[in-house]
Amino acid sequence: MKYKNINEETLKNMVAQDFFEKFDCTEIIKNIDFSIKQKTDALLAEKYFLWAEAKASATDLLTMLTQLILTIGKSKITDHLIPPPFLGCFDPNKIAFVEFSEIMDIFTLNDFNWNVTPSNTGTKEFKYIYEKLKKLIDHNLYIFDFEKEASELKTFIKNNFVIGKTETNKIQITKNNFTWVYAKWNKEVKSTIGVEDWDLAKQNGIFDLDFYLADLLSRENLSLKEKLNIVLKHTHYEVKPEKARIGLFKSYIIDFNDGQKVHRQFWTKYERPPLEVYWDYIVDRRDLLVPQDIRERKGSFFTPQIWVELSQKYIADVFGEDWQDNYYVWDCAAGTGNLLVGLTNKYRIYASTIDQADVNVMHERIKDGANLLDDHVFQFDFLNGSFDELPPSLKNVIKNEPEKLIVYINPPYAEAGSKKSRTGILRHKAGVATGNKTHNKYFSKMGKARNEIFAQFLTRIYFELKGCKIGEFSTQKALVGPNFKDFRKFFFTEFKKGFVVPANSFDNVKGKFPIGFKIWDTRDGNHFENAIFDVYNADGSYYGQKIYHDGPECLYINDWFRQFHDKKNISIGILHNNKNDFQTCNQVRIASKDIKDHTTPITKNNLLKVCIYLTVRKVIPATWLNDRDQFLFPNDSWINDIEFQTDCLTYTLFHNSNNISSKHGINHWIPFTAEEVNARTRFESSFMTDFINGKVKPDKNGIFDFTVETVARDEAITSVPINIGQSQGLPLQFSSRAKAVFKVAAELWKYYHCQPNCNVNASFYDIREYFQGRDEQGKMKNNSDDAEYNKLLGDLRLEMKFLTLQIEPKIYEYEFLKSCIKYWSN
Ligand SMILES: C[S@@+](CC[C@H](N)C(=O)[O-])C[C@H]1O[C@@H](n2cnc3c(N)ncnc32)[C@H](O)[C@@H]1O
């Protein structure tokens, strides 16, 4: 169940958020539970798309709809509001829609008592509407399971809740997707057809696909194509007399064993028949309709079907609907051939893989109907083998028309030669992908990327199949990872189109990072600079778009920060600054103790830069989508933004990554004076308040007066001023948001200083530790038993949230991050 143990209000909010985000769902009209209307400006007339009944526990659809109709009738709401094109209902499992026009008649009933209580299922009025509704909508209810059919539901909403649209929009069946629709039909509809023994039927030349074709190509009780063995009459199938052998079927008629319920439901989502241009093709290519269980029967199953299907759609978008007739396809890391399922032109498909056992499985699958040619399926170690070993026809393509070749792969990841590398995407270990010919040959060119098997595949393809197209699944490291800098210096290809999906939607992959499908043309291109990717959630629903940036001159945040290393002045703490990507953000913190591993001393000279560094790394939460994004060397605009700098100081002082503790030496980070927080004695160090008040000044030339280890942009450094206030000995200037943080934080400090056994020099970390204590593992707990402290901490966290919102856009503006997301807006 998608929405478990929640009340009706929460259910409505969650459904609104998950599926109707771009609509206005806030209005409650009379007693109608849920309404959807366009987000619009006040001048336009209100336009509703849906009125719906909601129930917090699983409820019969007709009961919910009956209640909704009685509610609408009783309120007389349709006297002054134009009803929406859809009525609907939902519970925690499912949602259903019916077109208003289908049930409109009910509202014109004469002599009907609309004054009954809609929720009372015992009234004769309720029962009357219920029965009437049952007859009217049996064929016309669009039902979606929130969990299993989220993507279909989103498509339905996108297609139908559109201004000016009156008829529903079903998914069109084309020559590129009819095999996929068949796979879904096979799962859902087949078992409801009254055939007792499918094996026996098969022996007599009747296959389940005959019923699918009947569904596709029957209209008004007639077959649209002569070659069909079975025709769909409205409520049952009819078998061609010569196929209906005695003993196999009792008559020519085959019924549904569920009264056709599932069948009707299924076909509410797809348009049938397909456009006439596809009819011949579909009938001629019935051989492509091979059930999924035969494909999955043996061997590995790597790329999930949903992404295989989507990747083929993307290839068709780039190379045209007839791409399979115009190009050759080679999967040179084919495994058992899973990626090639759904492709139609076996004469143009080649599949090779390292393990003979997998080749054998593919050959067996060919016997079971897989759409491949025996001679085009062969054992070949792509990283070691010579192209002389390839089938002559493939060699011919490589030699004479490489631009017609699409290398379509989900290459292996991680450890070369180990068993693990063949079972899915694993994490990289330096030095393990060594020893093959490709690695040795391109060793010096590839830099650190040479350790990745997928990079070796791409490198050999790039140099030795020059001119071809590539459609490949891999992590996004090749685009933006620092280890791929050298790789990007030669992999000059034109990015055509691509999408990213969560890695853990793949078999055997656990991490939260994106896997991208990328289409490249190796004929043209330059150094990769940027590319827009579509983003999909694990269930296949569309999420938005994301831009990936790099470029030959790309420098990272640690390159920028290196300028501010100060080994001369007194250290007031240590910054832990590891790597440049989101993956490592949780390691970034300030502390008192130097563990001398990716640490940098903090001094009066670089304090503000440290705070900028920490803030930039912390403000935006890491997700599966941004996991591999790199923080960059910013542009110079941050330099004159004093409020940004003091916002970052504020953020750092009161953030949980501030691990400064008085236990490890003098605490220089107390943000208040002793008077401000009613401390019992003076503090050991007033560094922070002095700094804030302009009394501690960075060295004369700001950042010049210490060791500067820059890698680049030395001139930029000379123009970096310290905070303007500071240089003149004036107090720092703070934004009103930052001041609000200080205000609530002061209350927290004051409360701590009232405690009988408080430590006068306590840091924020010490205060948290005092109240929150530690669990059995020694980890600091999240909250305290002290209600007043929890309240004060809650106030502080809230103000910090507001501050975060103020800082976030500047991280993009100053280009610490460039890979931003464009949300779906249509
Ligand atoms: C991630 S799987 C992809 C399998 C399948 N094409 C799919 O998409 O589901 C990678 C496949 O490449 C094969 N492989 C590993 N090293 C190879 C090599 N050097 N040459 C050819 N195939 C290799 C593995 O055995 C594995 O089946």
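This is a predicted model: local features need pLDDT of at least 70, side-chain atom pairs count only at pLDDT 80 or more; totals for chains, interfaces and linings use all residues.
Contact is defined here as heavy atoms lying within 4.5 Å of each other. The buried positions are H263, R264, Q265, F266, W267 and T268. Among the elements that cover them are the helices α6 (178–188) and α8 (208–217), together with the strands β5 (142–145), β8 (230–233) and β9 (236–239).

The structure contains 25 salt bridges. One of them pairs the side chains of D317 and K497, with an N to O distance of 3.8 Å. This bridge connects distant parts of the chain, since D317 belongs to helix α12 (residues 305–319) and K497 to strand β16 (residues 493–502), 180 residues apart. D317 is partly exposed, at a relative accessible area of 43%, and K497 is likewise classed as partly exposed, at 27%.

A further salt bridge joins E452 to K477, whose closest N and O atoms are 2.7 Å apart. E452 lies in the loop between α16 (437–446) and α17 (453–464), whereas K477 is in helix α18 (residues 477–480), 25 residues apart. Both E452 and K477 are buried.

K546 and D629 also form a salt bridge through their side chains, at 2.5 Å from N to O. K546 is located in strand β19 (residues 542–549) and D629 in the loop between α21 (607–618) and α22 (642–653), 83 residues apart. Both K546 and D629 are buried.

Key:
Residues are numbered from 1 along each chain as its sequence is written. Side-chain values use heavy atoms; hydrogens and water are left out. Buried means under 20% relative accessible area, exposed over 50%, partly exposed in between (1.4 Å probe, protein chains only). Helices (H or I, at least four residues) and strands (E, at least two) are DSSP runs, numbered from the N terminus. A salt bridge is a side-chain nitrogen of Lys or Arg within 4 Å of a carboxyl oxygen of Asp or Glu.
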